[in-house]
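This report covers side-chain contacts.

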Amino acid sequence: MDQDSERAQFVDAHWATLVQRVTMVMSIADELQSAGMMEWEPYCKIRAADINQEKMRAFYEVLHSGGDKVKSAFYSSLEKHEQYLFRYLGSIAQTADTLVKSLKIYKKWIQKEYEYVSEYNSLPGECVLLSERYTQPLIITRHREKREREEEMCSVGETFQQLFTSRNNADKGSSVLDALFSADNKVSPSAVILQGNSGHGKSFTAQKIMLDWASGNLSREELYCLFHLKCKEVNHVSGEQSLAELLSCNSNLTSDQISQILQKSPEKVLILIDGFDELRFSYGDTSNAPKLKHLSEKAPTEASLKALLRGHILPESFLLVTTRSTATKILGGLLKHPQRFTEIIGFSEREVEEYFQRFFQDEGLFRNAFDCVKANETLITACSIPVICWIICTVMRERFSDGADAKSGLETTTSIYVDFVSTLLEHHCQGLSQAVPTLLRSLGELAERGMLEKQVMFEEKSVQEMVSGSPFLCKFLFKRRIRQDTMFSFMHLSFQEFFTALCYISLNEREFLDKLTEWFHSQTQRYLSLYLDEKFPLKYGCPEPHFLPVIQFLCGLSNKEVRSSLEETHNLSVPSFVQAQLEEWILHVSTIGDYNSLPFILHCLYELHEKEFVQKAMEVWQELDMSWDPLSRTDCWALLYCLDCCPHFRSLKINFAAEELKMLQPVLCRTPELELTVQNLSDTDVTNLLSALGEGKQLRKLKLNSSCLSDQSVQEVLNVLHKQKSVGGLQFAVKSISADTALILTDFLQSKGKWEEISLRTNDTESLCSSLRLFSFEGKLVLNVVRWCSSPQNEPSLSEIILKCPRSELSSINVKSVLQAFHSVNCTTEPSADFDRQVDALLSQLTSVSGLSAINLSVPFLTETWASRILFLVKSCTKLAVISFHAGSWGSDGAKWLPGLLMEEGIKLLKESAKRSECIVNIRGFRCSKSSDHCTRHTEQIEELSCNQRVTIEFCEEKCTEDIKSKLVLPDVNSSCLFDE
């Protein structure tokens with residue numbers, strides 16, 4: 001830096017002091033005018049001023065227009081005529097040294113002040129470490145499109161999380177400042193708008209940036225100094241203030257020290273302006289506003305701040321301005337360029353988990369709290385708003401400290417939404433033009449209008465007609481053709497639903513019933529007079545699906561504790577008729593046993609959280625059947641609560657994911673009759689399953705779908721089943737079906753007296769088979785072994801065997817040997833001598849089964865060789881009554897049947913050969929009119945080739961009956977052709 005620049009910085013840094021203390025103004029002016037550095041007109045203006053301070057202010061225009069050279073001359077003259085003042089201010093070197101010391105002290109002050117935060121509910125003197133609360137939110141560096149907003153607002157749970165994280169285009173691995181100010185298309189912004197809705201963490205982010213800088217944790221080393229201006233505090237500043245004085249409001253530095261810092265390296269300074277939307281400024285005509293050019297010039301606060309935002313003062317410095325969406329458009333018009341728009345969109349599930357972990361500082365409490373919230377799709381979605389994370393953690397910590405069961409979870413979703421509304425009203429609603437009850441009613445009416453019209457976005461005009469400023473609404477700017485358009489929405493559809501419910505509790509009984517009757521009977525208006533219960537008009541209704549969350553919130557608002565909270569904090573009362581009408585409807589749905597409505601009814605009971613009524617409603621259900629679709633985590637919580645209120649409930653049929661086993665374990669343990677379908681069970685989940693099953697139960701069915709169990713896990717499950725009163729159907733998905741698996745299964749079947757079915761299936765192509773099933777049918781035992789075909793080119797030689805014999809002859813079936821022989825056949829190339837030996841070995845196994853009465857074989861082709869094998873079985877198995885042959889094989893996962901061919905030579909041999917009169921032979925498939933040596937056997941084209949015809953042929957003694965089929969008939973293990981004797 002040259003001498004003129006150093007001297008100019010000295011003058012700028014001390015200008016506020018110079019204005020007040022220079023007495024030899026005209027002597028200095030005379031020298032500059034004589035040296036040709038001052039025109040006559042400004043000289044006369046200085047001379048005409050009455051007092052030295054006014055002369056000095058007029059002097060500044062000369063210095064500003066003359067640049068560093070004129071300021072350097074002023075410095076020299078000042079040193080000559082104001083020696084005592086000059087010594088007081090110190091030399092340039094002394095000033096630089098003092099500045100370094102001042103910055104060190106300033107950084108330590110920032111660390112001390114910003115290391116801790118006070119929470120909304122903190123008592124005097126209470127605070128927590130910022131590091132225990134701050135979690136970096138997701139930030140995007142672009143405007144979202146209208147379609148994206150609508151998708152996010154209308155989605156919940158996993159869908160919401162996927163959408164949400166896909167919007168994040170700021171590098172999460174970098175610091176917040178790097179993400180905000182990084183160069184984009186070779187343009188580095190000098191001003192950044194950081195938008196965020198109420199409770200999204202804008203102020204926390206600002207505090208974290210300040211603390212990181214002061215602690216040396218900021219990666220942007222080019223930033224020499226940061227200043228933090230809180231707009232909420234600016235509103236309380238009165239009188240005229242220079243920018244330096246304004247910045248000193250939130251600093252331990254004097255305005256002179258700040259001036260020195262800003263003048264030294266303004267291009268390395270970041271000024272953080274937090275809460276622009278809270279400023280009580282006018283943004284109309286600015287023609288009469290003072291034109292400020294220096295940071296030491298005094299002016300009304302509004303003028304000083306606007307001069308900074310526009311870049312009239314400190315144009316080289318960086319600006320970061322936080323604001324709610326309601327003020328973004330105004331800010332964008334004020335702010336200097338190049339500028340960038342960014343937005344805090346909140347937390348994804350990963351950030352929610354991190355926040356909970358920081359909050360609780362205890363692995364057990366953290367895990368129980370987070371799992372509880374994750375189980376509730378509505379709450380985990382709402383937790384994208386950081387302040388809701390704080391509310392939930394605070395509520396749960398209080399419950400844990402009061403001795404509540406750490407696994408008992410939250411009371412209701414509605415209670416969290418009520419707390420959220422209360423928090424925003426108390427801490428984010430300064431200067432409201434509407435009374436709180438009026439504001440809530442207006443928001444409710446707007447929300448209801450959206451529900452009626454199935455809209456989540458509202459035109460600006462309609463919002464302004466109903467609501468006057470609200471932290472609960474988000475403002476969006478969109479491009480529409482050649483203009484900008486403004487729309488509003490609630491933070492999420494769930495908040496719109498909540499405010500709709502708030503709207504309804506403010507109505508009188510007649511209005512309430514009229515509105516809800518319309519929702520409950522929208523599909524049956526023409527017949528309403530025939531069955532409407534005048535006293536309880538909702539009773540026989542069926543609400544529209546998109547209105548169901550509103551009913552849940554109405555149930556939640558009827559909860560005693562929630563009612564009390566609303567009345568105490570907002571003077572809102574929930575009329576008793578709301579709960580009475582809803583309870584009557586719930587009882588009616590329960591009485592008629594509407595299983596389609598059962599999950600929703602459980603959610604309503606959960607929100608109502610009135611134990612006596614929950615017991616009354618649950619007693620109506622003799623059996624809970626929720627087995628048709630897998631339950632969500634939220635469904636499981638509701639079910640858990642309702643059954644906890646009814647400890648003697650007897651029968652339960654449910655379908656759920658393995659990860660919910662631990663949650664549902666207490667209920668499953670004490671329920672005598674169970675029918676369970678568990679999805680995605682792994683070996684690590686088996687312990688939880690065993691605990692849930694307990695002993696002494698009537699286990700009507702246990703299906704472990706999409707699982708991958710080892711032999712050891714299968715053994716452990718079967719061991720527990722020995723301890724049950726009775727066992728019905730068992731269906732397991734396993735890693736592999738091996739010889740060991742067969743032994744485990746055989747041991748269980750022979751030692752367990754009562755069982756109905758056991759079925760194993762695997763996707764392991766190296767297994768002995770793809771599916772193994774044993775079950776009882778009309779007092780008989782049926783064994784079903786299948787090998788799936790992965791592709792037409794990899795078709796098994798023998799796709800399926802089904803055997804039927806008396807159940808008492810179970811011991812005569814060597815399941816292990818049958819599976820090994822079946823596997824060997826499919827591992828050998830056909831035709832070959834080795835293949836024939838393997839088939840003979842398998843047939844020998846079949847003939848050794850005592851009392852074998854029926855056989856079904858599925859083979860790709862009925863050849864003359866296979867026909868002779870059928871005849872061998874007819875002759876060798878003296879008790880055999882039916883043998884069925886299906887030409888074809890099962891496709892991948894057993895979902896598709898691949899048809900096969902009945903060759904003429906095979907049919908001819910069966911027709912001409914002698915057969916026992918007691919045994920019927922059935923064959924099914926496509927009959928090929930060509931001889932074997934002329935048939936191409938292209939199984940992919942079987943149905944298209946004209947030489948093929950789908951037939952069923954039955955041979956009984958000398959009689960042969962042929963039935964031509966127009967449609968494909970799949971083999972059925974329960975078919976009469978197999979089991980009729």
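## Aromatic cluster

Tyr417, Phe420, Phe458, Phe472, Phe490, Phe495, Phe498, Phe499 and Phe553 come together as one aromatic cluster. The model is a predicted one. Two members of the cluster, Phe498 and Phe499, can be taken as a pair. Their ring centres lie 5.6 Å apart and their planes stand at 75 degrees, so the pair is edge-to-face. Phenylalanine 498 is buried, at 1% relative accessibility. Phenylalanine 499 is buried too, with a value of 1%.

The structure has 34 aromatic pairs. One of them joins phenylalanine 366 and phenylalanine 370. This pair is stacked, with 6.3 Å from centre to centre and 25 degrees between the planes. The angle counts as stacked because it falls under 30 degrees.

Where do phenylalanine 366 and phenylalanine 370 sit relative to each other in the helix? Both belong to helix H18, residues 363-374. They are four residues apart, so about one helical turn separates them. Phenylalanine 366 is buried, with a relative accessible area of 1%. Phenylalanine 370 is buried as well, at 1%.

Side chains of opposite charge can pair when their charged atoms come close. The structure holds 36 salt bridges. One of them joins arginine 142 to glutamate 148, at 3.1 Å from N to O. Glutamate 148 is buried, at 7%.

Glutamate 343 forms a salt bridge with arginine 144, and the closest N and O atoms are 2.8 Å apart. This pair links distant parts of the chain, 199 residues apart. Glutamate 343 lies in strand S10 (residues 339-346). Arginine 144 lies in the loop between strand S3 (138-140) and helix H8 (146-154). Glutamate 343 is buried, with a relative accessible area of 1%. Arginine 144 also counts as buried, at 8%.

## Strands S19 and S20

Another salt bridge joins glutamate 757 and arginine 773, with the closest N and O atoms 2.9 Å apart. Glutamate 757 is in strand S19 (residues 757-761), and arginine 773 is in strand S20 (residues 771-777). The two residues are 16 residues apart. Glutamate 757 counts as buried because its relative accessibility is 15%, under the 20% limit.

Salt bridges with shared partners also build a network: Arg144, Arg149, Glu152 and Glu343 are joined in one.

## Charges over rings

Arginine 773 has a ring contact as well. Its charged end sits over the ring of phenylalanine 775, 4.0 Å from the ring centre. So which residue contacts does arginine 773 bring together? They are the salt bridge to glutamate 757 and the placement over the ring of phenylalanine 775.

## Alanine 435

Alanine 435 lies in the loop between helix H21 (413-427) and helix H22 (436-453). Alanine 435 and tyrosine 641 are 206 residues apart in sequence. In space, their C-alpha atoms are 38 Å apart.

How values were computed. Residues numbered from 1 in each chain as written. Predicted model: local features only at pLDDT ≥ 70, side-chain atom pairs only at ≥ 80, totals over all residues. Heavy atoms only, no water. Salt bridge = Lys/Arg side-chain N within 4 Å of Asp/Glu carboxyl O. Buried < 20%, exposed > 50% of the residue type's maximum accessible area, 1.4 Å probe, protein only. Phe/Tyr/Trp six-rings, centres within 6.5 Å; stacked < 30°, edge-to-face > 60°. Lys NZ or Arg CZ within 6 Å of the ring centre and 35° of its normal.
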